[in-house]
Amino acid sequence: MVGIKISESERKYILESIGMKSNVRNLEIPWTRILTSIPFWAIALSLSTCIWGTVFMMTLTPTFLSDVFNLHLSKIGFLSCLPYLMNGLTSLVAGLIADTLQKRKILTTIQVRKLFTCLTFLLQHFFILMIPFFMSPIGATLCFVLCVGLNAFAVAGFMVNALDIAPQF
């Protein structure tokens with residue numbers, strides 16, 4: 001393999017512009033401040049319960065449909081995948097809406113976080129409570145799909161708060 005030769009002026013330009021600069025800082029992690037931080041524990045609790053609820057809803061939807069409506073799992077494969085599809089689609093939309101609200105200065109970052117978090121959890125609880133009133137596989141699945149799909153708005157709400165309280169890590 002033949003090496004490519006560069007001129008001394010090109011070499012100097014490369015080293016000066018991108019060169020051997022190091023942006024890595026040796027930061028000590030403030031464990032005591034982290035573990036005694038109320039915002040840290042609020043984020044940890046919210047994240048734990050939100051993820052648990054989402055996984056619970058996503059994994060037990062097929063079981064619910066099978067047990068309550070006597071549907072065989074082989075016949076409800078498409079219905080079972082709908083919460084996953086909705087979550088993926090709303091993830092794209094939620095971030096876009098949150099960014100647009102902030103860029104256009106309609107809401108501040110804190111207002112977006114609070115609005116998205118509150119609306120997400122309130123609407124998810126509403127749809128969970130509505131499941132018994134839709135005593136059909138389609139109605140129940142629709143409630144499950146909306147619950148899981150709304151979870152993407154929680155990501156744009158409280159889940160990004162860790163970046164707000166500790167951006168350098």
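Good morning. In helix α5, the residues Val112, Arg113, Phe116, Thr117, Thr120, Phe121, Leu123, Gln124, Phe127, Ile128 and Met130 meet Cys143, Leu146, Cys147, Leu150, Asn151, Phe153, Ala154, Ala156, Gly157 and Phe158 of helix α6; contact means heavy atoms within 4.5 Å. The residues of this contact comprise 15 nonpolar, five polar and one charged. Here Ala, Val, Leu, Ile, Met, Phe, Trp, Tyr, Cys and Pro count as nonpolar, Asp, Glu, Lys and Arg as charged, and the others, Gly among them, as polar.

The model before you is predicted: local features need pLDDT of at least 70 and side-chain atom pairs pLDDT 80 or more, while totals for chains, interfaces and linings use all residues. Residues are numbered from 1 along each chain as its sequence is written, and side-chain values use heavy atoms, with hydrogens and water left out.

Let me turn to geometry. Two packed helices are described by the angle between their axes and the distance between the axes. Helix α5 covers residues 109–130 and α6 covers residues 137–159; they pack at an angle of about 165 degrees, with axes 8 Å apart. The helices are DSSP runs (H or I, at least four residues), numbered from the N terminus. Axes are lines fitted to C-alpha atoms over the stretch in contact, and angles run from 0 to 180 degrees between N-to-C directions. Helix α5 is therefore roughly antiparallel to α6, a term for angles over 145 degrees. Their crossing is left-handed, that is, the near helix is turned anticlockwise from the far one by less than a right angle.

Asn151 counts as buried, at 7% relative accessibility; buried means under 20% relative accessible area, with a 1.4 Å probe and protein chains only.

Next, the core. The largest nonpolar core has 22 residues, and those with the most contacts inside it are Leu65, Phe116 and Ala140. Such a core is a set of buried Ala, Val, Leu, Ile, Met, Phe, Trp, Tyr and Cys residues joined through side-chain atoms within 4.5 Å. Two or more residues come from each of α3 (38–69), α4 (77–103), α5 and α6, and α6 gives the largest share, nine residues.

Finally, Leu65 lies in helix α3 and is buried, with a relative accessible area of 0%. Leaving aside neighbours within four places in sequence, Leu65 is in contact with Asn70, Leu71, Ile76, Leu79, Pro137, Ala140 and Thr141.

How values were computed: Angles under 35 degrees count as roughly parallel, over 145 as roughly antiparallel, 65 to 115 as roughly perpendicular and the rest as oblique. Buried means under 20% relative accessible area, exposed over 50%, partly exposed in between (1.4 Å probe, protein chains only).
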